[in-house]
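The sequence and structure are shown first, and the notes follow by topic.

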Amino acid sequence: MKMFSVAHKTVFVVDHCPYMAESSRQQVECDVLTKSRAQGVIPLAPVSKSLWTCAVECSMEYCRILYDVYPKDKLVNYIVSDSEFHILNSWRRGDQSTHELMSALAAVGPPNPREDPECCSILHGLVAAVESLCKITELQHEKRTALMDTAERVANRGRIICLTNAKSDTHVRMLEDCIQETILDQNKLAAGSDRLMGIQQCELVLVHIYPQGEDTLVSDRPKKEISPLLTSEVHSVRAGRHLASKLNILVQQHFDLASTTITNIPMKPTLNVCEQEEQHANTSANYDVELLHHRDAHLEFFKSGDLHMAGTSTRENNFKETVTLKWCTPRTNNIELHYCTGAYRISPTDVNSRPSSCLTNFLLNGRSVLLEQPRKSGSKVISHMLSSHGGEIFLHVLNSNRSTLEDPPSISEGCGGRVTDYRITDFGEFMRENRLTPVAESSHDPSGKVPVERAKAQLERYTRYWPMIISQTTIFNMQAVVPLANLIVKETLTEEDVLTCQKTVYNLVDMERKNDPLPISTVGSRGKGPKRDEQYRIMWNELETLVKTHAGATDRHQRVLDCIIACRSKPPEEEERKKRGRKREDREDRAEKNGSKEMEDKSWQDSERLKGLLEKGEQDAEVIKDSPDSPEPLNKKPRLMVDEVQPPERAKGPVSLLSLWTNRITAANSRKHQEFVGRVSSVNNKFELYQHLKEENGMDVHENGKASR
């Protein structure tokens, strides 16, 4: 079924009555191009356009933009109204061009100021506009022919844009009533004809034009529904540039257009863009060109939230916004193929300006221009490209994200980042618990809810609190919390479910009393992570957050929350015990650090002392050996004190890093447990076993550990 929108048909009704010949009072200087004026030459006086000229120029600009962006499926019917109506073109595709309209307007000519105003009325043109909307276009005829059995499904909608000089708000209401009556009459005629179609919807846009310097007698009014068939809006606009801006805004509203401003276009004052790019002159100036196109060209900006609004607006209001894209110097070859997600026709806003003319000529010569998003920092992002095809210029949307033609990203890559610890297994279980299955029509839910609504409600309950990353949760990594987490998301709880949840809470309290470790993630943190009481505080906070999201469901859910809150409020003696435990841990940490430092210093001192003794002994030996009068030294080792006896591994030189670390660990571990009795009372690291048996047999134990009679 083809539903034609209101934008399919647009009827322009331009007032051609004598009062439209009045001056707009916006002066146009004709002598600005004269650089040097000879003496005695009188300068040219400024001129001003009439209201009729302003209306024709602005309506033609509206049609030009429409034909540029939509050359086929959007149609315009132009009507001039004075003492009678004059239809300048038809709905046929051959009549849809600005050239045809300008030729017809030239034949009509300007309004005759000497014509009787009483004989002229805009009503003639409005009645003709309604009759024209009832006529079938070629596209509508094709669809009606294709849908012979359901031809009534082809809708007939349209828009009437009336440019006139109304007398008052009462005059405007009279025009609306006339159009409403005409629509009803024409729909009756169309019901009995095969060549006419009834109007399902009509939009009236009435633009009141008045000269500069005068007060308007017609007030603006937003879109208002007059009847189910007719809506109306009123715009009161000064003639001249204000009218041009208003029509430019209306064409964007009516046809879903958006604005893009190309900035930093290089162009020499005397050369076009193409010549300047080839010469790369340093004296070039940068210009901006505004283009209109379909709004979908900015769709990726809206999706990604990376929309850079330039903040430009019209002179009278702030509706008009434009996206700024920066010119990139084009390459000489045009053989590259870019991955495009869309191509949209463009239309310059100011088609007669020299920058717009140079840009269009540059593109029509076969060149392409890449456009980048302006950024203050970071690498540039090429988001669009301008290029021509078959004599028409298109704005291409380039894919700046991952291409759909590439392999899909693996889940280990994360959502655009380096997050890899997703709860993949839990998410699979979550999907199994929330699968959709067909429901028999005979099944009835006592609550009266539709099955799809019950499914949505369950999905909402399950996702109220569901962390996606393992490192962001503690309770979902604990097997002890699984019964409570599975039950609390239910719509209703039984007494048995409440007892199970309370039992889970009591088990957690028992774990905290025993000081059991928790699966706290230490990713991104230095050291051993948070202390044990801090780990339990994090766990209780997260558990309370989970239960709070469901506490408002029923009273039994609230009882589970009350149990958690009661267990968290510990008695004073429990808090004192925890405080003593924290102080003891701090003392042990400080003692461990101090002990390791002392052990390390002692080890270095012992190694230096041993090294000094060895060097001294070697020097003495060399002196005795080299002296001719000295006897041959005895082959004996120097006798050392008992305190200076070192293990063999320490007599070889400086202590290694492994020995230092081993000594530190040994010293730290020795303070954490009671030393073995045999090692404490051993002699030369030897201890005689089963001494009590030998004593009973009358055997003596010597110091060297050997027994004798």
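H14 and H15 are roughly antiparallel to each other, a label given to angles over 145 degrees, with under 35 counting as roughly parallel, 65 to 115 as roughly perpendicular and the rest as oblique. The model is predicted: local features need pLDDT of at least 70 and side-chain atom pairs count only at pLDDT 80 or more, whereas totals for chains, interfaces and linings use all residues. Residues are numbered from 1 along each chain as its sequence is written, and side-chain values use heavy atoms, with hydrogens and water left out.

**The chain as a whole**

- The protein chain has 19 helices and 19 strands; these are DSSP runs numbered from the N terminus, with helices (H or I) of at least four residues and strands (E) of at least two.
- Of the 709 residues in the protein chain, 38% are buried (buried means under 20% relative accessible area, exposed over 50% and partly exposed in between, with a 1.4 Å probe and protein chains only).
- Contacts between residues at least 6 apart in sequence join residues at least 24 apart in 73% of cases, where contact means heavy atoms within 4.5 Å.

**H14 with H15**

- Helix H14 (residues 532-548) and helix H15 (residues 555-568) have axes that come within 10 Å and cross at roughly 160°; axes are lines fitted to C-alpha atoms, for helices over the stretch in contact, and angles run from 0 to 180 degrees between N-to-C directions.
- The crossing of H14 and H15 is left-handed, meaning that the near helix is turned anticlockwise from the far one by less than a right angle, while clockwise would be right-handed.
- On the H14 side the contact involves Arg537, Trp540, Asn541, Leu543, Glu544, Val547 and Lys548, which meet His557, Val560, Leu561, Ile564, Ile565 and Arg568 in H15.
- The residues of this contact of H14 with H15 comprise seven nonpolar, two polar and four charged (Ala, Val, Leu, Ile, Met, Phe, Trp, Tyr, Cys and Pro count as nonpolar, Asp, Glu, Lys and Arg as charged, and the others, Gly among them, as polar).

- H13 contributes Val505, Leu508, Val509, Met511 and Glu512 to the contact, and H14 contributes Tyr536, Met539, Trp540 and Leu543.
- By class, the contact of H13 with H14 has eight nonpolar residues, no polar ones and one charged.
- Threonine 504 is placed in helix H13 and, at 4% relative accessibility, counts as buried.
- Beyond residues up to four places away in sequence, threonine 504 touches Ala480, Val481, Pro483 and Leu484.
- Valine 481 is 23 residues from threonine 504 in sequence, and their C-alpha atoms are 6.5 Å apart.

**H1 with H2**

- H1 and H2 pack with their axes 10 Å apart, at an angle of about 165°, which makes H1 roughly antiparallel to H2.
- The crossing of H1 and H2 is right-handed.
- Trp52, Val56, Met60, Cys63, Arg64 and Tyr67 in H1 meet Thr98, Leu101, Met102 and Leu105 in H2.
- The contact of H1 with H2 divides into eight nonpolar residues, one polar and one charged.

**The two sides of H2**

- Leu101, Ala104 and Leu105 are buried in helix H2 (residues 98-108).
- These residues lie on the same side of H2, because they cover an arc of only 100° around the axis (the arc is that of the directions from the helix axis to the C-beta atoms).
- His99, Ala106 and Ala107 are exposed on the other side of H2.
- The buried residues of H2 pack against helix H1 (51-69) and strand S4 (75-81).

**Positive phi values**

- Arginine 25 has a phi near 65°, a positive value in a residue other than glycine.
- Strand S2 (residues 23-28) holds arginine 25, which counts as partly exposed at 44% relative accessibility.
- Aspartate 256, likewise a residue other than glycine, has a positive phi near 55°.
- The loop between helix H6 (241-254) and strand S10 (257-267) contains aspartate 256, which counts as partly exposed at 44% relative accessibility.
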